Amino acid sequence: MRSIKRNVLCRMFLSALVGLISFSLILGPNTVYAQSALPLPVPGSMVMPTGSFVPVMLKGMTIHPEDPLKFDFIIDSGNADFETTGQGANLSLESESTKLIKYFLASLTVPQKELWVNLSPEEK
């Protein structure tokens, strides 16, 4: 009895699948243009440049003579619009600054002989 129900369900599923495939083949594929899916300008129209963007940058650092392992980093927030109100103020500026400082400190740990980049395709 169970195998009969299973066979009937399998046949119904296969019939529905074949019907769906046949129906989609009869209708054919739909034509989709990029202009309808994305907010792109009309072909042939002039595209104006956007404004420049200045990212968060590590501009400098201060080394304290009395404690040479104590640094103060000078961070330029650039054009980024960070929230300065509420609890956890400047959280995203702080996270961006921390990321830049970690990159800088990591670059200090790499030996100088390994900081060479070959940009010529003819050389090894």
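The following dialogue explains how several labels for this predicted model are reached.

Biologist: What makes up the protein chain, and in what order do its elements come?

Modeller: The protein chain holds 3 helices and 2 strands. Along the sequence they follow the pattern α-α-β-β-α.

Biologist: How do you know how far α1 reaches, and what is that value set against?

Modeller: Helix α1 has 26 residues, and its span from first C-alpha to last is 38 Å. At 1.5 Å a residue, the expected value is 38 Å, and the span is close to that. Just after α1, Gly 28 takes a positive phi of about 85°.

Biologist: Why is α1 said to lie largely in the open?

Modeller: A residue is called buried when its relative accessible area is under 20%. Of the 26 residues of α1, the number that are buried is 0, so the helix lies largely in the open.

Biologist: Which residues make the nonpolar surface patch?

Modeller: Phe 13, Leu 14, Leu 17, Ile 21 and Leu 25 make a nonpolar surface patch of about 530 Å². Leu 17 is found in helix α1, which covers residues 2–27.

Biologist: Why is Leu 17 called partly exposed?

Modeller: Buried means under 20% and exposed means over 50%, with partly exposed in between. Leu 17 has a relative accessibility of 37%, so Leu 17 counts as partly exposed.

Biologist: What makes β1 and β2 a pair, and in which sense do they run?

Modeller: Two strands pair if at least two bridges are found between them. Between β1 and β2 there are 7 bridges, so they pair, and the sense is antiparallel. A hairpin joins β1 to β2 through 2 residues. Among the partners, Gly 60 is bridged to Ile 74 in β2, and His 64 stands opposite Asp 67 in β2.

Biologist: Why is His 64 called buried?

Modeller: His 64, whose place is in strand β1, has a relative accessible area of 16%. The cut-off for buried is under 20%, and therefore His 64 is buried. Leaving aside its neighbours within four places in sequence, His 64 is in contact with Lys 70, Phe 71 and Asp 72.

Biologist: How do you know that Lys 59 and Asp 76 form a salt bridge?

Modeller: The rule asks for a side-chain nitrogen of Lys or Arg within 4 Å of a carboxyl oxygen of Asp or Glu. For Lys 59 and Asp 76, the closest N and O atoms are 4.0 Å apart, and the two form a salt bridge. This pair links distant parts of the chain, with Lys 59 in strand β1 (residues 57–64) and Asp 76 in strand β2, 17 residues apart.

Biologist: Are Lys 59 and Asp 76 each exposed or partly exposed?

Modeller: Lys 59 has 53% relative accessibility; the cut-off for exposed is over 50%, so Lys 59 counts as exposed. Asp 76 has a relative accessible area of 28%, so Asp 76 is partly exposed.

Biologist: What makes Glu 96 and Lys 99 a salt bridge, and where do they lie?

Modeller: Their side chains meet at 3.6 Å, N to O. The limit is within 4 Å, so this is a salt bridge. Glu 96 and Lys 99 both lie in helix α3, 3 residues apart, which is about one turn of the helix. By this rule the count comes to 2 salt bridges.

Biologist: Where is Ser 77, and why is Ser 77 called partly exposed?

Modeller: Ser 77 is found in the loop between β2 (67–76) and α3 (91–109). Its relative accessibility is 27%, so Ser 77 counts as partly exposed. The C-alpha atoms of Ser 77 and Leu 93 are separated by 7.2 Å, with the two residues 16 residues apart along the chain.

Conventions:
Residues numbered from 1 in each chain as written. Predicted model: local features only at pLDDT ≥ 70, side-chain atom pairs only at ≥ 80, totals over all residues. Heavy atoms only, no water. Patch = residues over 30% accessible without salt bridge, like charges linked within 9 Å, V, L, I, M, F, W, Y side chains within 5 Å. Areas by Shrake-Rupley, 256 points an atom, 1.4 Å probe, with all protein chains shown as cover. Helix = DSSP H or I, 4+ residues; strand = E, 2+ residues; numbered from the N terminus. Buried < 20%, exposed > 50% of the residue type's maximum accessible area, 1.4 Å probe, protein only. Expected span 1.5 Å × (residues − 1). Contact = heavy atoms within 4.5 Å.
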